[in-house]
Amino acid sequence: MDLILCHTTADFDTLGAAVGLARLQPGSRIVLTGGCHPTVQRFLALHRDEYPLIERRAVDSRQIRSLTLVDAQQPDRFGAAAQWMTQPQPPPIRVYDHHPYAPGSQPLAAGVIEPVGAATTLVVEAMQRQGIRPTLAEATVMALGIHVDTGSLVFEQTTLRDAQALTWLMEQGANLQVIAEFVEPGLSPQLQNLLTVAMARLNLETVQGYSLAWVVLAVNHYIAGLSGIAERLISLADVDLLLFAAHYPGKETGAPPSQRLLLVGRAQGRVTARPPRQGIDWGVIFTPLGGGGHAAAAAVTLTTDSPAEVVDQVLTQARSQLPRPPTAQDLMSSPVRTIRPETTMAEAQRVLLRYGHAGLSVVDGTGKLVGMIARRDLDLALHHGLSHAPVKGYMATNLKTINPQTPLSEIEELMVTYDIGRLPVIHQGSLVGIVTRTDLLRHLHQNLVANGWRRRTLPPTQVDVAPDLQKIWQSV
């Protein structure tokens with residue numbers, strides 16, 4: 001077994017580099033040795049099944065053939081997995097890292113250790129040399145790794161190589177919508193204080209299954225970067241639609257005193273309008289007020305005597321544009337492949353391998369759902385020699401279920417909150433379908449296509465932008 005180890009409290013760089021190395025080393029499995037950053041955990045709650053991850057507990061140390069350490073070099077950065085490196089006869093170890101050696105320390109093993117902004121950049125360069133193209137899911141998480149560790153190419157340690165690697169990943173179809181969702185830009189101390197106030201005063205409501213948030217702040221004067229608060233708010237509040245408003249005294253005089261009002265609208269992709277789809281379009285809402293933008297992001301600054309009235313009018317128009325949300329009935333797979341509680345772990349594993357599922361529903365003789373068995377549970381049981389045991393002893397019985405009318409927002413919230421990859425759909429006590437991460441991702445992809453997104457590939461004759469990037473970099 002060839003293992004790729006992510007350091008404890010995994011960030012996007014160690015995960016992205018590990019995903020790329022899994023392509024460079026076919027058959028390798030990725031081990032998260034000890035927890036993740038919250039944003040990474042949220043990302044994996046939706047995308048875990050797209051990457052060759054394996055639980056550390058499911059690894060038999062006697063079967064390890066090689067170890068590849070990612071984004072760190074010292075054994076103590078890998079938690080309990082450090083024992084695999086320090087045993088009397090450890091397996092071959094290789095390192096991919098962009099951090100320099102600590103003064104006076106010795107490298108644990110040979111590998112690729114070079115001073116670039118992100119470890120993922122080193123892996124991208126290796127893929128380019130070998131002519132290996134990532135899938136869209138792989139390109140996306142690798143691009144996230146570079147974005148996060150380089151501050152979207154503005155951190156001091158960023159190099160031209162990072163920019164070139166990120167450009168290549170974009171050429172391979174890295175999903176910019178997903179990247180924008182999980183990359184968090186920084187705010188000045190003044191804006192951070194305002195963000196705290198905005199979070200405390202945030203208004204929330206649900207409209208047709210979508211979450212809408214808005215906040216109105218009164219400030220003493222214009223503050224540069226106010227719109228950046230909106231970017232952070234929609235992420236922190238985890239809502240579909242956000243209206244951020246801030247007003248401050250204007251130069252004009254009047255009765256009552258006039259105010260300058262800044263309005264910033266933000267929306268997640270699933271509620272934005274793109275022909276022929278219906279949905280929210282902040283640009284359309286703000287254009288009559290003198291502003292502009294596009295469906296998902298727009299802004300306007302205007303003078304008014306009644307900021308509260310303008311905000312109410314904009315919210316009313318936004319509510320009226322929200323589309324009908326998809327439900328479980330639109331997303332689910334049916335009929336559902338099921339097994340009985342008496343089915344052995346070995347037979348359940350064969351069913352999984354045959355049909356490519358990540359888990360199976362367990363029903364009794366009357367067809368009533370009584371449990372779920374996941375691939376991770378089967379891996380652990382087989383690892384401990386329990387292939388003959390019935391699944392009823394290992395299946396999950398405290399299940400989260402949904403009904404055919406459960407909206408997409410609630411489905412996604414359940415999957416993220418409880419790290420669930422499969423949600424059974426129950427109607428009148430019977431199992432009528434199942435919604436999986438794959439179903440959810442397929443819907444999100446179809447939305448991207450409907451919004452005009454297409455994977456872009458460059459022909460061999462495409463102009464090489466590297467020389468231009470070099471000139472730009474040298475001029476900074």
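In helix H9 (residues 227-237), Ile 229, Ala 230, Arg 232, Leu 233 and Ile 234 are buried. Buried means under 20% relative accessible area, exposed means over 50%, and partly exposed lies in between (1.4 Å probe, protein chains only). Helices (H or I, at least four residues) and strands (E, at least two) are DSSP runs, numbered from the N terminus. This is a predicted model: local features need pLDDT of at least 70, side-chain atom pairs count only at pLDDT 80 or more, and totals for chains, interfaces and linings use all residues. Residues are numbered from 1 along each chain as its sequence is written, and side-chain values use heavy atoms, with hydrogens and water left out.

What do the buried residues of H9 pack against? Their partners are helix H8 (189-201), strand E7 (210-218), strand E8 (241-249) and strand E9 (259-267). Contact here means heavy atoms within 4.5 Å. An α-helix has 3.6 residues a turn, so residues three or four places apart point the same way. Just after H9, Asp 238 adopts a positive phi of about 55°.

Now the aromatic rings. The whole structure holds six aromatic pairs. Rings of Phe, Tyr and Trp (its six-membered ring) pair if their centres lie within 6.5 Å; planes under 30 degrees apart count as stacked, over 60 as edge-to-face and the rest as tilted. Phe 12 and Phe 43 are edge-to-face because their ring centres are 5.5 Å apart and their planes stand at 85°. This pair links distant parts of the chain: Phe 12 is in helix H1 (residues 12-24) and Phe 43 in helix H2 (residues 38-47), 31 residues apart. Both Phe 12 and Phe 43 are buried. Together with Tyr 51 and Phe 182, Phe 12 and Phe 43 form one aromatic cluster.

Two rings carry a charge over the face. The charged end of Arg 337 sits over the ring of Tyr 355, 3.5 Å from its centre. Lys 400 lies over the face of Tyr 418, at 4.3 Å from the ring centre. The test asks for NZ of Lys or CZ of Arg within 6 Å of the ring centre and within 35 degrees of the ring normal.

Next, a sheet. Three strands form an open sheet in the order E12-E13-E14, with mixed pairing. Its edge strands, E12 (338-339) and E14 (369-374), each pair on one side only. Two strands pair if DSSP finds at least two bridges between them. E12 and strand E13 (residues 359-363) run parallel over two bridges. Ile 339 has Val 362 in E13 as its bridge partner. Helix H13 (residues 345-355) lies across E12, E13 and E14, at about 125° to E13. Helix H14 (residues 375-383) also packs on the sheet, touching E13 and E14, and its direction makes about 65° with that of E14. Axes are lines fitted to C-alpha atoms, for helices over the stretch in contact, and angles run from 0 to 180 degrees between N-to-C directions.

Back to the loop between strand E2 (29-32) and H2, where Gly 35 lies. Gly 35 is partly exposed, at 44% relative accessible area. Leaving aside neighbours within four places in sequence, Gly 35 contacts Thr 8, Thr 9 and Ala 10. The C-alpha atoms of Gly 35 and Ala 10 are separated by 6.3 Å, though the residues are 25 apart along the chain.

Finally, the cysteines. How many disulfides are there? A disulfide is a pair of cysteine sulfur atoms within 2.5 Å, and by this rule the count is zero. The sulfur of Cys 6 is 7.9 Å from the closest cysteine sulfur, in Cys 36, so it is too far for a bond. Cys 6 is buried, at 0% relative accessibility, whereas Cys 36 is partly exposed at 22%.
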